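Here's a quick briefing to read with the model open on your screen.

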Amino acid sequence: MIKLDALAKSIALATLTMCATASVGFAATPSTMAVSAASAAATPLSASAQRVQAMLPKNWSSNVSNAKARLGIPETEWSGMVERAINPSDYQCSNTAMNDWIDGLDVSDLIGAISGIYYATGDLDFAYSAVLDFAQYDAMLFGYESKANRFGRNGEYTQLLTAEMKDLRRFWDVDGENVQLVPMHGSDVYGSVDRLARLIQNAYIGVDDELANLLGQIVYDNVQANPGMLANGGHPYLSLNAFAVGSSGQAGGAILMGDGIMQAMSAVGLGDVAPRAILGHEFGHHVQYQKNLFASSLPTAAERTRRTELMADSFSTYFLTHARGESLNAKRLLPSLQSFYQIGDCGFTSSGHHGTPNQRLRSATWGSDVADQARPQGHILPASTFDAMFEQKLPEFVAPDAH
Ligand SMILES: [Zn+2]
């Protein structure tokens, strides 16, 4: 079995041989990608790659590398787990069951597909995105809420999440009807050349029909040639993410729930609590959008992000514990969430930092306590009142010695 973090070692070989059939891989870090691009420049391109390169629009490279941000896909603690697996030296997280599970996945077919797409296009960034990002792009661009949607690889979370979404819309005093609940499946996007071409044309700027079809065909062929990409609804890496999409001061947007992240949660024994907590958290971000709660005078980006993430955690547990929410038993809920937060990120100074496991647990426990104190009358606090209470508590949640 090949692991992604072993790829850096084979980069020189890979770029020098440019061989589609050899078992080679490529490193994902920007620095090693630069190395590989430099090596590749000195290597004759395949005929296919020469054709593709001649057709690429201007600024293609920034076009590809900025696509995720342009489409509005945020960095999340979940997407960070894939990056940690690819480039472990950038991440200081201690090993957790989730990291072990991710590290143990066989990625040889992902590498095969990346290698093949690179060989046929001469573009490593594109090859990586075509394998690791396209399922997210497709859900982001073309996903929508529908009764026909299913959640989880075998639809195992469809009922749970659909029912919870209904409850969330009733619970919070915001417009939840226009927030769509959208699944993110790993393999669907690779179903046809047409679907891939449509994605490529919408994700990147200046791609004409001919180039979109050519790139779509290349991606399609290389994915089909590596069946582990598609097995059982798609490799978990392809959809290992969940996030809220919205804009401050506006209703609407979506919550995208990836099969891969739910599969990973279930594999490490978090059962159905984790998907429920994730959905409650992401809906919390929509409450923040609509109530303009992202605004903050905190001095650093890391502190601002941590504040809104911890707030979303407490929104989630308030709802999950509340008698008029999911009415989950706090004594059972919180131990599950404890292991859930252990999974969380360790990028303490990063602008994408979600809070330490302890900070998250304090915020979550507090949200749950507020709900418990509301029993038995069943009053639901307005979101802005709940936020005002949260702001009072935040210094306690983040102080290292707080309890
Ligand atoms: Zn969040």
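What follows is a short tour of the fold, topic by topic.

This is a predicted model, so treat every value here as computed from it. The protein has 19 helices and three strands. Of its 403 residues, 49% count as buried. Take the contacts between residues at least 6 apart in sequence: 75% of them join residues at least 24 apart.

**The sheet**

- The three strands make an open sheet in the order β1-β3-β2, with mixed pairing. β1 and β2 sit at the edges with a single partner strand each, so one side of each has no neighbour in the sheet. From one strand to the next, the twist averages 20 degrees.
- Two of the places to look are Gln180, whose bridge partner in β3 is Ala254, and Val182, which stands opposite Leu256.
- On the other pairing, β2 (residues 242-245) is antiparallel to β3, over four bridges. Here Ala244 is the residue opposite Ile255 of β3.

- How many residues of β3 are buried? The count is five of five for this strand, residues 254-258.
- Both faces of the strand are covered. Ala254, Leu256 and Gly258 are buried on one side, while Ile255 and Met257 are buried on the other.
- Setting aside neighbours within four places in sequence, Ile255 is in contact with Val179, Leu181, Val182, Ala244, Leu279, Glu282 and Phe283.

**The nonpolar core**

- The largest nonpolar core has 105 residues. Which of them touch the most other members? They are Ile114, Ile117, Ala127, Ile200, Ile255, Leu256 and Met257.
- Helix α8 (residues 108-121) is the biggest giver to this core, with eight residues.
- As general background, nonpolar side chains in soluble globular proteins tend to be buried together.

- Is α14 (residues 259-267) largely enclosed or largely open? Seven of its nine residues are buried, so the rest of the structure largely encloses this helix.
- The buried ones are Asp259, Gly260, Ile261, Met262, Gln263, Ala264 and Met265.
- The cover over those residues includes helices α6 (77-86), α7 and α15 (273-290), along with strands β1, β2 and β3.
- Just past the end of α14, Gly269 has a positive phi of about 85 degrees.

**The α18 and α19 pair**

- Helix α18 (residues 357-374) packs against helix α19 (residues 383-398) at an angle of about 145 degrees, and their axes are 9 Å apart. The crossing is right-handed.
- From α18, the contact uses Gln359, Arg362, Ser363, Trp366 and Val370. From α19, the contact uses Met389, Lys393, Phe397 and Val398.
- Sorted by class, that contact has five nonpolar, two polar and two charged residues.
- A handy reminder for looking at any helix: with 3.6 residues a turn in an α-helix, residues three or four places apart point the same way.

**Loops worth a look**

- Asn59 has a positive phi of about 60 degrees even though it isn't a glycine. You'll find Asn59 in the loop between α3 (47-55) and α4 (60-65). Asn59 counts as exposed because it has 12 other C-beta atoms within 10 Å, and the cut-off for exposed is 12 or fewer.
- Ser327 is another non-glycine with a positive phi, about 55 degrees in this case. Ser327 lies in the loop from α16 (301-321) to α17 (330-342). With 14 other C-beta atoms within 10 Å, Ser327 is partly exposed.
- Asp106 is in the loop between α7 (97-103) and α8. Asp106 has 13 C-beta neighbours inside 10 Å, so it counts as partly exposed.
- How far apart are Asp106 and Gly228 in sequence and in space? The two are 122 residues apart along the chain, and their C-alpha atoms are 8.5 Å apart.

How values were computed:
Residues numbered from 1 in each chain as written. Predicted model: local features only at pLDDT ≥ 70, side-chain atom pairs only at ≥ 80, totals over all residues. Core = buried A, V, L, I, M, F, W, Y, C linked by C-beta atoms within 7 Å. Buried ≥ 20, exposed ≤ 12 C-beta atoms within 10 Å, placed from the backbone. Contact = placed C-beta atoms within 7 Å. Pairing = 2+ DSSP bridges. Axes fitted to C-alpha atoms, helices over the stretch in contact; angles between N-to-C directions. Left-handed = near helix turned anticlockwise from the far one by under 90°. Nonpolar A, V, L, I, M, F, W, Y, C, P; charged D, E, K, R; others polar.
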